[in-house]
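Visitor: Before we discuss any assignment in this model, could you show me the sequence and the structure, so that each term can be set against its criterion?

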Amino acid sequence: MATEKTKPNLRASISFTPEQMAKKAAQEIKTLLEKNPYAVLGLATGSTPIPLYEELIRMHKAHEIDLTKPTYFNLDEYVGLPVEHPESYHSYMDKHFFNHIPGLNRLKVNILDGNAPDKEAECRHFEEKIDAAGGIDLQILGIGENGHIGFSEPGTPFTERTHLVELTESTRQANSRFFDGKIERVPTHALTMGLATIMDARKVILLASGPKKAESTYKAASGEVTEDLPASTLRNHPDVTFYVDRRAASHYPEYVKLFSSPEAVLR
Ligand code: PGA
């Protein structure tokens with residue numbers, strides 16, 4: 001694993017608005033695609049990356065980047081939701097990203113099948129597909145209020161690869177806003193890339209916007225590296241940038257200080 005050989009390097013970039021944050025993150029992806037148009041990109045769902053996808057699509061339409069060339073792997077998918085359910089992550093990705101890329105070869109899109117009869121085999125197969133693609137060049141992440149990344153919940157071993165997970169109450173509560181506010185409608189399980197899978201990505205960008213993310217992001221960037229806070233594993237990654245908006249940074253004065261230089265290197 002790259003992390004054993006290379007020094008950890010966590011950079012931070014604070015923006016005023018989520019839209020400005022998205023533009024900066026999109027620039028990092030553009031720079032990667034200029035070097036490697038066929039890069040393998042790891043994608044995330046949730047509210048946070050939507051402005052990033054909008055910016056990437058704008059760039060694609062303006063011929064600044066070509067989104068038909070990369071290969072895509074999604075972080076996670078609910079178990080038991082039909083693919084066509086509006087809240088499945090298959091539907092999310094189509095709505096916010098893939099449907100806006102005319103000519104995209106769908107064979108380049110890899111999303112876990114939450115309805116696969118054999119979940120373990122599905123997870124193994126997903127890992128094999130990542131390997132066969134040459135590994136993930138850049139992984140996009142959000143962060144949960146409890147510090148989860150993907151659906152790797154607190155307590156997940158850092159060594160875990162793609163696996164079946166039981167969702168915590170806090171995550172189901174947070175996601176109930178997409179299910180008419182009814183927690184009982186939120187699936188109880190999901191398939192997710194593991195923390196070891198994420199740590200193998202050559203580059204990671206983590207996006208955090210809004211005050212609810214302030215605490216988990218701050219702890220991930222500066223607190224103890226612990227399995228109780230899955231995102232803290234990124235402190236050992238050789239190439240990770242936290243893109244944070246003002247509201248996700250504003251709770252803690254020391255947070256702003258920590259991230260005061262746009263290219264602050266934290267160890
Ligand atoms: P959000 O979710 O972007 O909808 O806040 C992020 C996450 O829980 O990972």
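Guide: Let us start with a strand pair, where Val165 stands opposite Ala190 in S8. This is a predicted model, in which local features need pLDDT of at least 70 and side-chain atom pairs count only at pLDDT 80 or more, whereas totals for chains, interfaces and linings use all residues. Residues are numbered from 1 along each chain as its sequence is written, and side-chain values use heavy atoms, with hydrogens and water left out.

Visitor: Which residues make up the covered face of strand S7, and which the uncovered one?

Guide: In strand S7 (residues 163-166), His163 and Val165 form the covered face, while Leu164 and Glu166 form the uncovered one.

Visitor: Why is Asn74 called buried?

Guide: Asn74, which is found in strand S3 (residues 71-74), has 0% relative accessibility and therefore counts as buried, given that buried means under 20% relative accessible area, exposed over 50%, and partly exposed in between, with a 1.4 Å probe and protein chains only. Its contacts (heavy atoms within 4.5 Å) include Leu43, Thr45, Met93, Phe98 and Phe126, not counting residues up to four places away in sequence.

Visitor: How do you know that Ala116 is buried, and where does Ala116 lie?

Guide: Ala116 lies in the loop between strand S5 (109-110) and helix H5 (119-132), and the residue counts as buried because its relative accessibility is 6%. Ala116 and Glu145 are 29 residues apart in sequence and 29 Å apart in space, C-alpha to C-alpha.

Visitor: Why are His63 and Asp180 called exposed?

Guide: His63 is exposed because its relative accessible area is 73%, and Asp180 is exposed because its value is 59%. His63 is found in the loop between helix H3 (50-61) and S3, and has a positive phi of about 60 degrees although it is not a glycine. Asp180, in the loop between H6 and S8, has a positive phi of about 55 degrees and is not a glycine either.

Visitor: What makes a set of residues a nonpolar core, and which members of the largest one touch the most other members?

Guide: A nonpolar core joins buried Ala, Val, Leu, Ile, Met, Phe, Trp, Tyr and Cys residues through side-chain atoms within 4.5 Å. The largest one has 74 residues, of which Leu56, Tyr72, Phe97, Phe98, Ile140 and Leu234 touch the most other members. Helix H2 (residues 18-35) provides the largest share of this core, seven residues. Ile140 touches Ile29, Leu43, Leu52, Leu75 and Ile205, among others, when residues up to four places away in sequence are not counted.

Visitor: What does Pro18 touch beyond its sequence neighbours up to four places away?

Guide: Pro18, whose place is in helix H2, touches Pro51, Ser209, Asp245 and Arg247 on that count. The C-alpha atoms of Pro18 and Ser209 are separated by 6.1 Å, although the two residues are 191 residues apart along the chain.

Terms used. Helix = DSSP H or I, 4+ residues; strand = E, 2+ residues; numbered from the N terminus. Pairing = 2+ DSSP bridges.
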